[in-house]
Every structure is written in C-alpha cells, then in structure tokens.
Amino acid sequence: MTARRVLVLNGPNLGRLGSREPDVYGATSYAGLVDTCQALGKELGFDVEVRETNDEGELIRWLHEAADGSIPVVLNPGAFTHYSYGMRDAAAQRTAPLIEVHISNPYAREEFRHTSVVAPVATGTVAGFGIGSYRLALRALADELTD
C-alpha cells in the first residue's frame, strides 16, 4: 500500500525552534520537529513532508498545491494566524482535511494571539501541547481520513 502524502507546513519563526523562547516553544529543534512528524507519519501510513517559511506568499502557494492535489495538511501558520486573510482564503480552498496546530496555547498568551483567521476554515485546531500538538494533529488527520 502506498503511503498517503501529508504536508506539515510551518510559518514564520518556526525554523528557530529550540533557540526561540524555549520557555514558550520548548527545547526541540526544527530538525527534531521534522524527525518527530516523519516518524509518526510513517507509523500512521503517511509520507510526511515538513516545510517552513517566513514568506506569506510561499505558504499560500503551498496551500494551493495541497488544494490542487487533495493533500491533507497540518498547518502552523505562526504569526500569520492572527491577520493573514490571504492565507486564510488559501486554506479555505482545501480539498482534504487541514488541522491548524500551535505549540503554545494562544489563548493563554497575549490578547493579539487570541484571534485565528484560520480556525473557521480548518477541520480542527490543536494547541498548547508543545511538539505534541503536531503528534495529536497527525493522529487527528489519520482519524479524519479513515472516517
């Protein structure tokens, strides 16, 4: 059986995991995040590709690629979560499940982080479990794809 392709897309500053505010985002490096997602994805029968960008347009192009290919997505939009209507509109075009994920709990942080323009168009949102949020999101995708 062929593994189903899944994109794990990360927005700004997530490439700095492990060195950026470890009290908020943990000590796992971006490479560790990639390894975690790919290892669990393999267990779940996914071929996981993890990408990171600081560029809003690139993230939008990746969401278009996912929509055109019916590719499930785990999306951590980073700060784009709160104001990028272009990214929100690209996510709304999804043709497969899309799980919004956050390492920290945005609702327990600064008020500007309490609004997500992505959540209304996502299949679901997982937040506040550190890197475990990605593991939960991948498991949620597996459940969504078997229902």
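Me: Where do I start if I want to read burial in this predicted model?

Reply: Start with the cut-off: a residue is buried when its relative accessible area is under 20%. Take His 102, which lies in strand β4. Its relative accessibility is 9%, so His 102 counts as buried.

Me: Nice and clear. Which residues does His 102 touch?

Reply: Leaving out residues up to four places away in sequence, His 102 touches Asn 76, Pro 77, Thr 81, Thr 125, Val 126, Ala 127, Gly 128 and Ser 133.

Me: Now the strands. What should I keep in mind about side chains in a regular strand?

Reply: They alternate between the two faces of the sheet.

Me: How many bridges join β1 to β2, and how many join β1 to β3?

Reply: Seven bridges join β1 to β2, and the two run parallel. For instance, Asn 10 has Glu 52 in β2 as its bridge partner. Four bridges join β1 to β3 (residues 73-76), also a parallel pair; there, Leu 9 is partnered with Leu 75.

Me: And which residues have the most contacts inside the largest nonpolar core?

Reply: Those are Val 8, Cys 37, Val 48, Val 74, Tyr 134 and Leu 138, in a core of 24 residues. At least two core residues come from each of β1, α2, β2, β4 and α5. Apart from this core lies another, of 19 residues, including Leu 7 and Val 73.

Me: What is Tyr 134 in contact with, beyond its neighbours within four places in sequence?

Reply: Among its contacts are Val 8, Cys 37 and Val 74, along with Asn 10 and Asn 76.

Technical notes:
Residues numbered from 1 in each chain as written. Predicted model: local features only at pLDDT ≥ 70, side-chain atom pairs only at ≥ 80, totals over all residues. Heavy atoms only, no water. Core = buried A, V, L, I, M, F, W, Y, C linked by side-chain atoms within 4.5 Å. Buried < 20%, exposed > 50% of the residue type's maximum accessible area, 1.4 Å probe, protein only. Contact = heavy atoms within 4.5 Å. Pairing = 2+ DSSP bridges.
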